Amino acid sequence: MAFPAELHLVHFNTKYSCVLEGKKHPDGLAVLSVLLKQGYNNNNYNFLNLAAQVTNPGDTSDIAGFSLAGLLPNDKSFYRYQGSLTTPGCEEVVTWTVFANTVEISEAQVTMHIISCETVN
């Protein structure tokens, strides 16, 4: 099944010093994946408005603190598997947790032009 967007919350195992170090180990990273579908405007995703202003590598935007729990579906049933990063080198170091239920965001939130700025090469 296809979805218009997907949110990845990337974490590194704290027994390693940073993401770069975690990428070297089979238990180095964990990703929570939230599948997003078009629906109503979701205020929990208002950070997308600020993220859209980050258009060049090195750009930043101040985002007020908020609870990441609001980004997750209400029903937290999930699937879990061992897999790889979705960006080149595609290291097979990720424990993926994919939530079985979707979260709705508006058409405007889905179609916002966001450039993914990766801090890890």
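Reader: Is Asp27 buried, exposed or partly exposed?
Author: This is a predicted model. Asp27 has 34% relative accessibility. Buried needs under 20% and exposed over 50%. Because 34% lies in between, Asp27 counts as partly exposed.

Reader: Which residue forms a salt bridge with Asp27?
Author: Asp27 lies in the loop between H1 and E2. The partner is in the loop between E1 and helix H1 (19-22), so the pair ties together parts 12 residues apart in sequence. The closest N and O atoms are 2.8 Å apart. The partner is Lys15.

Reader: Which residue meets Glu91 in a salt bridge?
Author: Glu91 sits in the loop between strand E3 (78-83) and strand E4 (94-99). The other residue is in the loop between H1 and E2, 68 residues apart. The N to O distance is 3.8 Å. The residue is Lys23.

Reader: How many residues apart are Lys37 and Glu104?
Author: Their side chains meet in a salt bridge, 4.0 Å from N to O. Lys37 lies in strand E2 and Glu104 in strand E5, so the pair ties together parts separated in sequence. The separation is 67 residues.

Reader: What is the relative accessibility of Ser33?
Author: Ser33 lies in strand E2. Leaving aside neighbours within four places in sequence, its contacts include Leu7, Trp96 and Phe99. Ser33 counts as buried because its relative accessibility is 0%.

Reader: How many residues make up the largest nonpolar core?
Author: Leu7, Val34, Leu36, Tyr45 and Leu71 touch the most other members. Strand E1 (5-12), strand E2 (29-38), helix H2 (47-51) and strand E5 (103-105) each supply at least two residues. The core's total is 13 residues.

Key
Residues numbered from 1 in each chain as written. Predicted model: local features only at pLDDT ≥ 70, side-chain atom pairs only at ≥ 80, totals over all residues. Heavy atoms only, no water. Core = buried A, V, L, I, M, F, W, Y, C linked by side-chain atoms within 4.5 Å. Buried < 20%, exposed > 50% of the residue type's maximum accessible area, 1.4 Å probe, protein only. Helix = DSSP H or I, 4+ residues; strand = E, 2+ residues; numbered from the N terminus. Contact = heavy atoms within 4.5 Å.
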